[in-house]
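Work through the exercises below with the sequence and the structure at hand. Each task is followed by a stepwise solution.

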Amino acid sequence: MRVITGTARGRRLKEPTGFDIRPTTDQVKEAIFNICQFDVEGRRVLDLFGGTGQLGIEAKSRGAAAVDIVDQSREAVKLIRENIKSTGMEIRVHQRDAMEFLREAGQYDLILLDPPYRSDLAENALVHIKLFDKLSIGGIIICETEVKTILPEMEKPYGKLREYRYGKVKLTTYTRFPEN
């Protein structure tokens, strides 16, 4: 597991051992950042369900102005902090329940969702993002799930953009449209 590009390019990140985290593969991570390549630099990014922190670290390496990484697991947060320290970047880490964090957080330009597979956390996060209005106008949500997972449409002004498939992984993108 490594940082693909930017200021921390090539930096190896620690992978989890002995606890339940499924890191995003480098291929899928590269696809995620190809999708949002013009929507990272100078933007506020949220990596919800951080795991190893690699998506938030990648965003910061690519020039994100501010990054928040959230995970409920003490072990995951420890790993995330170690990975951030190895890059020398400034990223905020929150050991919190994702839905509680969404209630209190501000708005973001890019929200990366990579919850545990076979859970309802992706759907719940999308509901909370809409309910508490967490995405800026024109912002992007990218949600990683198993291919067979069917994610809901979102109510206006939010909307589903596109789905991408990479082997057994699906990336679903959403945005917040301007209100007329």
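Two strands pair if DSSP finds at least two bridges between them. The model used here is predicted.

**Exercise 1.** Determine how many bridges join strand β5 to strand β7, and in which direction the two strands run.

Solution. Take β5 as residues 135-146 and β7 as residues 169-176. Seven bridges join them, and a pair needs at least two. The two strands run antiparallel. Within β5 and β7, I140 stands opposite T175.

**Exercise 2.** Give the strand order of the open sheet and name its edge strands.

Solution. The order of the seven strands is β3-β2-β1-β4-β5-β7-β6, and the pairing is mixed. β3 (92-95) and β6 (158-166) each pair on one side only, as edge strands. From one strand to the next, the twist averages 15°.

**Exercise 3.** Describe how α1 and α2 cross, and which residues make the contact.

Solution. The axes of α1 (residues 26-35) and α2 (residues 54-61) come within 11 Å and cross at roughly 45°. The two helices are therefore oblique to each other. Their crossing is right-handed. On α1 the contact is made by D26, K29, I32 and F33, and on α2 by Q54, L55, E58 and A59. Sorted by class, the contact has four nonpolar, one polar and three charged residues.

Notes. Residues numbered from 1 in each chain as written. Predicted model: local features only at pLDDT ≥ 70, side-chain atom pairs only at ≥ 80, totals over all residues. Heavy atoms only, no water. Axes fitted to C-alpha atoms, helices over the stretch in contact; angles between N-to-C directions. Helix = DSSP H or I, 4+ residues; strand = E, 2+ residues; numbered from the N terminus. Parallel < 35°, antiparallel > 145°, perpendicular 65-115°, else oblique. Left-handed = near helix turned anticlockwise from the far one by under 90°. Contact = heavy atoms within 4.5 Å. Nonpolar A, V, L, I, M, F, W, Y, C, P; charged D, E, K, R; others polar.
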